[in-house]
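My notes follow in the order of looking.

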Amino acid sequence: MNADRWLADTRTSYDTVAVSYADQIREALAGAPYLRAALALFADLVHTAGGGPVADVGCGPGHVTAHLHELGVDAFGIDLSSVMIDVARRDHPHLRFEVGSMTDLDLADASVVGLLAIWSLIHVPDEAVPTVFDHFRRVLRPGGPLLLGFHVGDESRLKTQGYGGHPMNVHVHRRQPDQVAAWLRDAGFTVEARMLIDPDESVPGAVLFARRQS
Ligand SMILES: C[S@@+](CC[C@H](N)C(=O)[O-])C[C@H]1O[C@@H](n2cnc3c(N)ncnc32)[C@H](O)[C@@H]1O
């Protein structure tokens, strides 16, 4: 898949749905006790690692970034979609949000103590995942925790509309946790824990904890 093409399509899709997406998911964490527990554990790991900046990559409208902030984490958000970033800044004016892509992270080496990507890696095709994980490793401090959330499965599908019927043109890639764990190990991470959310549903969610090796 042409890298410029899928990135441009993903950006345009989320620019289109950003306001509706934010309206639909604003209260989502309240109904997601297992994800909240994962975020609380992640916050604990960040504090134990000494604290410092944490990047929420593919942050969307910033509700997870804000939740981590309430847990005492110095979180900031990065997203491909400039409209998502406008919405995040509007909804959380006290927090920092920047436009950027996880395929080319504009952060200094070892500049963050923790990094998370919740339901955002799902749009990155297989061939680009190793590059993304190389960036995650590069920007994380040695020993820094990483939290990934993704959809479990073996298929990729093209999503042509969403969040109130708005047009989208974005691929959604489901993956097996073993495959994601293997990519992480290849990139220099130790995988420490995994959790399956809604394992009886047709598309479970996977949450994976890893740590940058020293
Ligand atoms: C399904 S939303 C998830 C948003 C948020 N993390 C959440 O939990 O609701 C996917 C987000 O990932 C962003 N995204 C997709 N590809 C990206 C990339 N290459 N770099 C940064 N963000 C990306 C999209 O713009 C969108 O905001």
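Predicted model: local features only at pLDDT ≥ 70, side-chain atom pairs only at ≥ 80, totals over all residues.

**Ligand contacts**

Residues are numbered from 1 along each chain as its sequence is written, and side-chain values use heavy atoms, with hydrogens and water left out.

I looked up two further pairs. A polar backbone atom of Gly 58 is 2.7 Å from a nitrogen atom of the ligand. For Asp 79, an N or O atom in the side chain is 2.6 Å from an oxygen atom of the ligand. On its own the ligand has 590 Å² of accessible area, and the protein covers 98% of that (Shrake-Rupley method, 1.4 Å probe; for residues, only the protein chains shown count as cover).

**Ligand shell**

I listed the surroundings next, taking a residue as near if one of its heavy atoms lies within 4 Å of the molecule. The ligand is surrounded by 19 residues, and the closest are Tyr 21, Gly 58, Asp 79, Met 102 and Ile 118. By type, the shell divides into nine nonpolar, nine polar and one charged. In this sorting Ala, Val, Leu, Ile, Met, Phe, Trp, Tyr, Cys and Pro are nonpolar, Asp, Glu, Lys and Arg are charged, and the others, Gly among them, are polar.

Which helix gives the most to the shell? I found helix H1, residues 3–25, with four residues. Helices (H or I, at least four residues) and strands (E, at least two) are DSSP runs, numbered from the N terminus.

Tyr 21 is in helix H1. I have Tyr 21 down as buried, because its relative accessible area is 15% and buried means under 20%, with exposed over 50% and partly exposed in between (1.4 Å probe, protein chains only).

**Loop residues**

Ala 110 has phi near 50° and sits in the loop between strand S3 (97–99) and strand S4 (114–118). Ala 110 is partly exposed, at 33% relative accessibility. Asp 198 has phi near 55° and is placed in the loop between strand S8 (189–197) and S9. Its relative accessible area is 47%, so Asp 198 is partly exposed.

I then looked at two glycines. Gly 52 lies in the loop between helix H2 (33–48) and strand S1 (53–57). Gly 52 is partly exposed at 23%, and its C-alpha atom is 8.8 Å from that of Ser 111, 59 residues away along the chain. Gly 100 is in the loop between S3 and S4 and is partly exposed at 23% relative accessibility. From Gly 100 to Arg 212 I read 22 Å, C-alpha to C-alpha, for 112 residues in sequence.

**A strand residue**

Is Val 207 buried or exposed? I found Val 207 buried, with a relative accessible area of 0%. Val 207 belongs to strand S9, residues 205–212. The C-alpha atoms of Val 207 and Ala 38 are separated by 7.6 Å, although the two residues are 169 residues apart along the chain.

Conventions
Polar contact = N/O pair within 3.5 Å; in protein donor to acceptor, adjacent residues only side chain to side chain.
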